[in-house]
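Subject: Structure for your review

Dear colleague,

Please find the structure below, together with its sequence. A short account of what was found follows it.

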Amino acid sequence: MNSSRRQFLARTAAGAAVVAGSAFTADHAVALSWPSTTTRTHRITALTDVTVINPSTGRRDKHQTVLISGDRIIGVGRLPVPRGATEINLSGKFVIPGLADMHVHSLGDEHVSPPLYLANGLTTVREMAAPDPVVYDWRDRIDAGTLLGPRMVVASQIIDGDPTLWDPNLLHVLVVHDEAGARSAVRQVKAEGADFVKVYSRLSPSAYRAILDEARRQGLTVHGHAPDQVPIKEVSDAGQRSIEHIHSLGLSVSSREAEVRRMQQAIAIKTGDYNGWFRQMHPIEWIAANTFSRARAADVFGTLRRNRTRVTPTLTMHKVLDMPDFTGPDPATRKYLSEDSIGTYDYVIENLYKANRDAEEISHQRQMWEYRQRFVRELFAHEVPVMAGTDTGTPYMVPGFALHDELELLVGAGATTQQALYAATVEPAKFLGMAADLGSVAPRKLADLVVLDADPLQDIRNTRRIHTVVTRGRIISPAERARMLADVEAAVKTPPAATALAAGGCCGTGRPGH
């Protein structure tokens with residue numbers, strides 16, 4: 001995290017105030033404006049008669065009052081409503097911490113992704129590549145209170161080896177050939193404002209090690225893909241803080257790991273041939289899936305657990321890539337995607353992922369999807385720290401809505417509802433170094449909350465049943481949330497502005513907003 005972000009968080013924490021007992025002062029009006037950084041007395045809002053859910057323990061505390069002042073929670077419990085506070089009675093509702101999607105590539109302009117995230121209860125997102133400076137602008141304006149959106153932690157431009165998987169006409173990537181270039185790239189992305197360094201699949205071992213070393217020198221962390229030429233245990237031991245997707249992880253737990261690694265390192269592509277990489281990976285992954293070794297899994301997953309190396313499985317992305325014959329826009333959320341986006345996604349699915357496959361490959365891909373679900377179940381069983389992330393930007397995913405799909409897929413893979421909720425709340429807070437501020441509904445925490453109509457621990461699909469969202473103390477009522485969604489629906493029907501952001505996802509979709 002860069003210095004300006006650390007300073008902002010420090011100022012926020014320093015301004016927190018916890019009020020005990022009933023010694024409150026408050027105005028009658030609901031505080032719907034962004035919290036001020038001045039020392040004035042904040043209005044107090046009381047969310048009353050709610051059930052508060054603790055994702056760490058699975059505990060449900062009924063008939064609670066949650067008191068909010070400014071951007072902080074100042075009290076939780078069976079408390080009296082302070083004199084002059086604004087009471088919002090939410091009898092029968094459930095309160096959880098704000099949700100986080102830890103792998104997104106935002107779509108459209110500021111009128112699309114930011115409101116879609118919030119309307120879906122996402123109060124934090126990790127933007128996994130910054131191909132356009134506008135995403136840094138979004139982050140900073142959200143922090144300053146001049147743009148309504150989730151807290152954004154933003155990656156650098158992708159740093160990849162040569163040849164890179166990305167077509168430079170679709171996405172600018174920093175291509176590094178050696179140690180000197182790797183160190184220069186890290187210094188460049190820090191100067192550009194990146195919160196962390198995003199590494200990619202085709203980096204050489206020497207360039208990769210130089211990136212990690214230079215990032216430490218520059219005060220940045222490293223997240224991203226596990227490079228094809230670097231074993232997973234080395235990635236974890238070297239200090240990379242998160243590993244995205246399952247591709248390389250699956251190879252690392254094969255009884256024929258040495259063989260499949262050699263095959264992976266022998267993959268030959270031209271610049272921009274992302275699909276070619278995937279097509280050559282399919283038979284390698286098939287071998288690995290059919291030679292899964294419990295002993296290797298215990299060893300590799302034990303290393304990840306001890307090092308606290310997070311894994312973001314992105315099952316939503318893998319489902320699309322493994323079963324392109326069964327993917328398409330969801331009729332319920334299609335209205336939040338522009339026709340240009342849908343047209344691009346249709347082209348990608350038909351021409352990159354469904355074309356030129358024989359019956360055996362199609363069959364193997366479907367079985368790989370079943371394997372990935374079992375693989376995620378093993379991650380949870382070995383207590384590997386898992387974060388919920390979608391790889392929004394993959395065909396037909398809608399920002400915000402995709403996270404609820406991911407939570408359902410995690411539970412479908414074998415996670416408990418509590419584990420899935422933890423992966424979207426507590427684990428992201430710990431990973432971002434914000435456990436003191438986020439991840440639970442408790443005094444002193446930032447007021448990032450989601451009010452649900454039903455219990456998500458009973459059925460994870462209930463995370464979709466959103467009544468109210470609270471972001472940094474701002475109350476987004478059901479009526480305001482409905483207006484936000486209607487505004488997005490109108491915005492995607494408008495031709496994109498010149499400054500619109502459209503960052504491609506993992507799977508080579510290019511610039512879906514154009």
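Which residues have the most contacts inside the largest nonpolar core? In this predicted model, they are Val 197, Ile 211, Phe 301 and Leu 410, and the core itself has 81 residues. Helix H13, spanning residues 359–381, gives the most to this core, with 7 residues. A second, separate core has 40 residues, among them Val 173, Phe 278, Met 281 and Leu 485.

Phe 301 also deserves a look for its surroundings. Beyond its neighbours within four places in sequence, Phe 301 is in contact with Val 253, Phe 375, Glu 378, Leu 379, His 382 and Val 384.

Next, please turn to Asn 120, which is found in the loop between helix H2 (113–119) and strand S7 (122–127). Asn 120 counts as buried because its relative accessibility is 2%, and the cut-off for buried is under 20%. Its side chain reaches the backbone oxygen of Leu 116 at 2.9 Å. Apart from neighbours within four places in sequence, the contacts of Asn 120 are Leu 99, Pro 399, Gly 400, Phe 401, His 404 and Ile 466. Asn 120 and Ile 466 are 346 residues apart along the chain, yet their C-alpha atoms are separated by 7.2 Å.

Finally, Thr 48 belongs to strand S1 (residues 44–54). Thr 48 is buried, since its relative accessible area is 4%. Not counting residues up to four places away in sequence, Thr 48 touches Gln 64, Thr 65, Val 81, Glu 87, Ile 88, Asn 89, Leu 90 and Ser 91.

With kind regards

Key
Residues are numbered from 1 along each chain as its sequence is written. This is a predicted model: local features need pLDDT of at least 70, side-chain atom pairs count only at pLDDT 80 or more; totals for chains, interfaces and linings use all residues. Side-chain values use heavy atoms; hydrogens and water are left out. Helices (H or I, at least four residues) and strands (E, at least two) are DSSP runs, numbered from the N terminus. Buried means under 20% relative accessible area, exposed over 50%, partly exposed in between (1.4 Å probe, protein chains only). Contact means heavy atoms within 4.5 Å. A polar contact is a pair of N or O atoms within 3.5 Å; within protein, one must be able to donate a hydrogen and the other to accept it, and residues adjacent in sequence count only if both atoms are side-chain atoms. A nonpolar core is a set of buried Ala, Val, Leu, Ile, Met, Phe, Trp, Tyr and Cys residues joined through side-chain atoms within 4.5 Å.
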